[in-house]
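This briefing is for a reader who is opening the structure for the first time. It starts with the chain as a whole and then goes through selected places.

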Amino acid sequence: MRSRRQMYYSAVMRFFLKCLRIGQRRRFWLTQQVEQLWLYGHLCLRSLFYNSFADSDTALDALFEPIYWLVDHVTRWFGVVFVALVITLTTSVVAIVYICLLPTILQTYSIPWIFWHIIYGHWNLVMIVFHYYMAITTQPGYPPQHPKNDLAAVSICRKCIAPKPARTHHCSICNRCVLKMDHHCPWLNNCVGHYNHRYFFSFMLFMTMGCIYSSISGWDMFWEAYAAIEKMKLLDKEKLHVTANQTYSQTPPPIFSFRQRAFHKSIVYAWVLCSSVAVALGALMLWHSALITRGETSIERHINRKEKKRLQKKGKIFRNPYSFGPLGNWKIFLGIERQRHWITRVLLPSPHPPYGSGLSWETPPCVAQQKTPLLAI
């Protein structure tokens, strides 16, 4: 009996241990399957989004893509509003100068200073109006719709599906490629490109000069007007206090007329506006001056920085293929061919076109000898 019981118990134990081993194997097999599925899914997900050229800039561009889309569409529809705002603000400042500042200059300044203010002020105004008008009405330049076989294209635009020459970029607001595109300016309601880049920069330069001139010329009148406005506020408080106490027997404080109030407030408004524009636009003008000195546009600055870092890792030196030195870059940008052109084409209104057609670009001899690729495209 005992032997039978022992055999029975041993058989039960063997069966239990066998089931336990099978359960462990199944759990291990299930764990393996789940792990393999997880690794396969992770690999598939990475294969959908992996890009060997991706970096932090690419990730930021992807995150800000909705904002870029919104800005593009808002800028496209509000460009006319921005242009009207520039014209309105500039006209208001010019009117204040003629109505308020110029009579004071004619009455208090000496003859040489009167001639200086009249000549310089009107010259600066003509330069501002001319270059702004040319910047908003001149097309920046576009590649031909049906290019010939001899067009020196360096790539194909993914949106236009057309050959794209060197230094050409696609403007998402204008929805077409622009030759030597710098950026799309909402204050011009136009792209800044090959044919109107000089007008855009000249407008910034002369507008900054005009604002600085107005701020310096109206400095004394600004403080007088500011003190008068503070005195108006104080007198208004005293008037309210007298009215509240019903003391009509007292002599009422003097009251500024509407013309005097408008005069002083106009002076303060013009000075604050000119000073603000001089600081903001002056900073932008200096930035574009540095870009012109290096022979770059705003877009090329970003591209060349990335290319410079990439070549530094390989132990190579980056050279801008379109830079002819600081003075040479300025001559090309301003269209200076001879010494006298500095006066006729820079200091006077000049509608002369820029160098070249914008479809092909020369490179300096040092870059051409090294066979450096056209990196800033």
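Contact here means heavy atoms within 4.5 Å. Leaving aside neighbours within four places in sequence, H352 is in contact with R198, Y199, L334, G335 and R345. The model is a predicted one. Its chain has 377 residues, of which 32% count as buried.

**The chain as a whole**

- The chain holds 11 helices and six strands.
- Of the contacts between residues at least 6 apart in sequence, 68% join residues at least 24 apart.

**Helices α5 and α9**

- Two packed helices are described by the angle between their axes and the distance between the axes.
- For helix α5 (residues 197–217) and helix α9 (residues 326–334), the axes come within 9 Å and cross at roughly 105°.
- Angles of 65 to 115 degrees count as roughly perpendicular, so α5 is roughly perpendicular to α9.
- On the α5 side the meeting residues are H197, R198 and F201, and on the α9 side they are W330, F333 and L334.
- By type, the residues of this contact between α5 and α9 divide into four nonpolar, one polar and one charged.

- H352 sits in the loop between α10 and α11 (365–370).
- With a relative accessibility of 9%, H352 counts as buried, because the cut-off for buried is under 20%.
- A polar atom of the H352 side chain lies 2.8 Å from the backbone oxygen of L334.
- Two of the residues that H352 contacts, R198 and L334, also take part in the meeting of α5 with α9.

- H341 belongs to helix α10 (residues 341–347).
- The relative accessible area of H341 is 5%, which makes this residue buried.
- A polar atom of the H341 side chain is 3.3 Å from the backbone nitrogen of E337.
- Not counting residues up to four places away in sequence, H341 touches G335, I336 and V346.

**Cysteines C211 and C274**

- A disulfide needs a pair of cysteine sulfur atoms within 2.5 Å, and by this rule the count comes to zero disulfides.
- C211 is in no disulfide, and its nearest cysteine sulfur, that of C274, is 4.7 Å away.
- C274 is likewise in no disulfide, with the sulfur of C211 as its nearest cysteine sulfur at 4.7 Å.
- C211 is buried at a relative accessible area of 6%, and C274 counts as buried at 4% relative accessibility.

**Loops between strands**

- A166 is placed in the loop between β2 (163–165) and β3 (169–171).
- At 6% relative accessibility, A166 counts as buried.
- A166 and L179 are 13 residues apart along the chain, and their C-alpha atoms are separated by 8.2 Å.
- Most residues other than glycine have a negative phi.
- K180 is not a glycine, yet its phi is positive, at about 45°.
- K180 lies in the loop between β4 (176–178) and β5 (183–185), and is buried with a relative accessible area of 13%.
- N189, which is not a glycine either, has a positive phi of about 55°.
- N189 is found in the loop between β5 and β6 (190–192), and is partly exposed with a relative accessible area of 31%.

Note on methods:
Residues are numbered from 1 along each chain as its sequence is written. This is a predicted model: local features need pLDDT of at least 70, side-chain atom pairs count only at pLDDT 80 or more; totals for chains, interfaces and linings use all residues. Side-chain values use heavy atoms; hydrogens and water are left out. Helices (H or I, at least four residues) and strands (E, at least two) are DSSP runs, numbered from the N terminus. Buried means under 20% relative accessible area, exposed over 50%, partly exposed in between (1.4 Å probe, protein chains only). A polar contact is a pair of N or O atoms within 3.5 Å; within protein, one must be able to donate a hydrogen and the other to accept it, and residues adjacent in sequence count only if both atoms are side-chain atoms. Axes are lines fitted to C-alpha atoms, for helices over the stretch in contact, and angles run from 0 to 180 degrees between N-to-C directions. Angles under 35 degrees count as roughly parallel, over 145 as roughly antiparallel, 65 to 115 as roughly perpendicular and the rest as oblique. Ala, Val, Leu, Ile, Met, Phe, Trp, Tyr, Cys and Pro count as nonpolar, Asp, Glu, Lys and Arg as charged, and the others, Gly among them, as polar.
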